[in-house]
Amino acid sequence: MTKKYDSVTRYARLREAVGNGDVDRRTFVGLLGSAGLTAGLSGGIMSTMATQARAMGTELHFEGWGGVVSEALRKNAFDPYEAATGNKVIDATFGGENEVLTKVKAAGNTDGHNILHSSGITWYKRWVDNGYHVQLNLDNIPNMANVMEAMIEPFRKITPDGLSAVPYDYGTTGIAYNTEHVSHEKAKEMGANLLLDPSLKGKIGGWGGDWANRAWYGALQSGQDPNNIQDWDAVWDKAREHRDLVLKYWSSGAELMDLLAKGEIYVTEAWSGRVAALQAQGHPIAYMDPPNGLAWMETMFVMKGSPMEEAEALLNFMLDPETAIAVAVGQKYPPSLDPTKVDMPAEVANLPAFDPTGKLEGLVFRDPAAWNPHEKEQGKQWNRVQKGG
Amino acid sequence: MQCFSQQGGFLLPDQSHSIDRRPWLLLSPALVFITVLVVIPMAFILVYSFYENIDLAVDVPAFQFGNWMELLTDGYYHTAIWKTLRLSVIVTVLAAVLGYIPAYVIAMTRYRHKWLLLLLLILPFWISFIIRTLSWIHIFGNQGALNGLMNLLGLGDLQVQLMYTEFTVIVGFIHVFLPYMILNVYVSLEGIDRNLEPAARTLGATPWQAFREVTLPLSLPGLAAGSLLVFVLTGGSYVTPLILGGPSDFLFGNLVYDAVVTELNWPMGATLSFALLILLGSVVILYSRLMGMNQLAKAFG
């Protein structure tokens with residue numbers, strides 16, 4: 001009688017073989033994959049096996065903004081890190097962190113989410129408030145010593161007992177315009193109101209994904225201090241005026257670049273690094289930061305449940321001056337490293353928004369105390385205005 | 001004899017019992033799937049629609065009708081429902097007209113390799129839905145194929161904005177959903193006796209008359225099934241308008257996305273999802289009523 005193995009026995013034997021070194025990990029994972037296909041719906045076994053497979057090699061799941069930003073990280077940070085450590089970084093793209101929060105909430109755990117290219121203080125606070133933060137051991141991240149104090153301080157205020165993220169880069173959301181259709185003089189003269197120029201109707205774009213971004217520009221256009229908005233109706237009136245001229249609200253950096261590069265739109269608010277990337281590709285797109293334009297910083301946020309030592313090693317690797325500068329040149333956003341401590345090459349010093357003093361005093365950031373309390377009501381309002389409400 | 005009759009006496013109720021149970025046994029796998037994958041999740045969504053959203057991503061279990069009241073009293077949602085029904089009808093009618101012709105050709109052709117035509121029909125399914133949708137940007141866009149062709153022919157740039165309008169949304173929908181219509185119509189045309197049209201002709205009908213009075217009515221069940229599919233699929237979409245539409249091109253599904261993903265308000269998202277289910281569900285019920293009666297009428301000749 002031939003002996004018939006059940007699936008569990010087969011897995012156990014396979015695992016034993018791996019333990020003995022008879023089967024290398026790649027083959028094992030491959031066999032596991034085909035076994036998974038065979039097993040079909042026996043999900044319980046598979047998830048147990050997957051957990052064990054993960055524990056053997058360390059995989060770090062990274063989620064970021066896609067396009068040139070992802071390419072820069074993949075080429076300059078993840079590939080060398082994988083080669084140096086044997087760990088694996090699996091990177092994915094999100095349209096915004098709210099997508100990740102929705103997924104994590106729906107799944108009830110943070111499996112498959114380790115490091116996020118998180119946008120600034122507002123989201124840092126949200127992740128912490130929802131209990132998804134960790135305490136990084138900074139002894140494992142010696143390169144933090146080079147990071148600008150001005151970029152660490154706001155995060156330390158939220159979690160005084162220990163950071164859950166390392167600041168990584170910063171940039172601005174200014175206005176991009178096609179120089180073949182809009183002159184520099186006109187752009188300078190109109191500032192934030194260039195987005196409301198009726199002569200450009202149907203050739204204007206805007207970021208659809210973030211209510212606060214739209215409100216910031218609405219505040220500038222209605223003559224208010226964006227960090228102290230008193231008249232929200234005036235803000236949304238300006239957003240409506242803008243909407244009636246808009247061809248398309250873009251939802252990702254890649255879409256922004258595509259719309260500008262193909263001449264679908266001539267004017268839009270835009271992320272500084274994406275415009276720098278377009279310029280590097282030779283497109284006739286100029287960039288300006290209007291007075292009180294929006295500045296922001298990004299972190300590498302580590303989610304609860306992540307393999308800490310490996311995550312810390314990756315962050316330290318990413319903050320290494322050589323890596324950080326290479327990523328900055330690639331993604332066109334200045335790094336969080338203090339230029340008074342680390343020599344920056346001309347390619348970084350010439351990036352939009354770059355601050356050589358390392359104090360960031362010339363940039364205006366979103367004050368979470370002024371913005372977060374309005375998010376529930378005004379975020380909803382924006383979704384309506386965007387759709388013609 | 002006595003024994004037999006006794007056995008018979010006992011067997012009768014037993015037999016009727018086992019007959020009663022068999023359909024349920026056969027149905028049980030389907031019922032289990034529907035319960036686990038549809039009924040229970042939808043029940044969760046219904047329960048969630050009574051919860052209260054305090055702040056972004058913070059929900060409190062409750063039993064209150066705030067979300068449902070908002071849905072019923074706020075014109076914003078009604079506009080979205082109207083837009084959804086309107087666009088679904090447009091797409092369905094266009095798909096029916098555009099789909100009938102290829103279905104008829106495939107069903108009636110004497111071409112030996114009919115399987116090839118059917119394969120061509122299924123071919124688009126091998127490419128991701130998102131990629132197929134994005135492809136229109138490279139056709140209708142500013143630097144797309146259409147404009148390129150115009151320039152090549154020396155006609156200059158296209159003067160009309162095609163991309164990011166309702167037109168491109170409709171084209172995107174038709175492109176993706178047309179095969180569902182064609183396949184359904186094809187199946188019902190294929191089932192029609194081929195002698196019926198010639199028979200009508202021998203009785204003096206013109207080709208058009210034979211089609212209108214014989215073939216078309218007999219293919220109606222397929223046309224109706226295809227229409228139902230296209231209508232429901234369009235009504236529940238949100239990605240196509242997101243990619244191909246402008247600011248005012250949105251469907252009810254986009255509001256669900258906004259509530260769940262951007263506003264992180266799950267209770268309202270649950271309310272809207274359930275409302276969409278009721279809306280599209282009633283279309284399905286209406287269909288089964290109408291088609292059911294149709295079948296009955298046919299039976300009575």
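**A bent helix and a chain contact**

Guide: Start with H8(B), which bends by about 45° at Phe177(B). A proline, Pro179(B), follows within four residues. Keep in mind that this is a predicted model. Now check the length of H8(B). The helix covers residues 166–190 of chain B, 25 residues in total. At 1.5 Å a residue, H8(B) should span 36 Å. The C-alpha atoms at its ends are 35 Å apart, which agrees.

Next, turn to the contact between the chains. Chain A brings 25 residues to it, and chain B brings 20 residues. On the side of chain A that touches chain B, three elements each supply at least two residues: H5, strand E6 (246–250) and helix H17 (375–386). H17(A) gives the largest share, seven residues. By type, this side of chain A has four nonpolar, 10 polar and 11 charged residues.

Now zoom in on one helix pair.

Which residues in H5(A) and H12(B) meet? From H5(A) come Asn98(A), Glu99(A) and Thr102(A). They meet Val260(B), Val261(B) and Thr262(B) in H12(B). The residues of this helix contact divide into two nonpolar, three polar and one charged.

Notes. Residues are numbered from 1 along each chain as its sequence is written. Chains are lettered from A and ligands numbered from 1 in the order in which they are written. This is a predicted model: local features need pLDDT of at least 70, side-chain atom pairs count only at pLDDT 80 or more; totals for chains, interfaces and linings use all residues. Two residues are in contact if their C-beta atoms, placed from the backbone, lie within 7 Å. Ala, Val, Leu, Ile, Met, Phe, Trp, Tyr, Cys and Pro count as nonpolar, Asp, Glu, Lys and Arg as charged, and the others, Gly among them, as polar. The expected span of a helix is 1.5 Å times one less than its number of residues. The bend at a residue is the angle between axes fitted to the seven residues ending there and the seven starting there.
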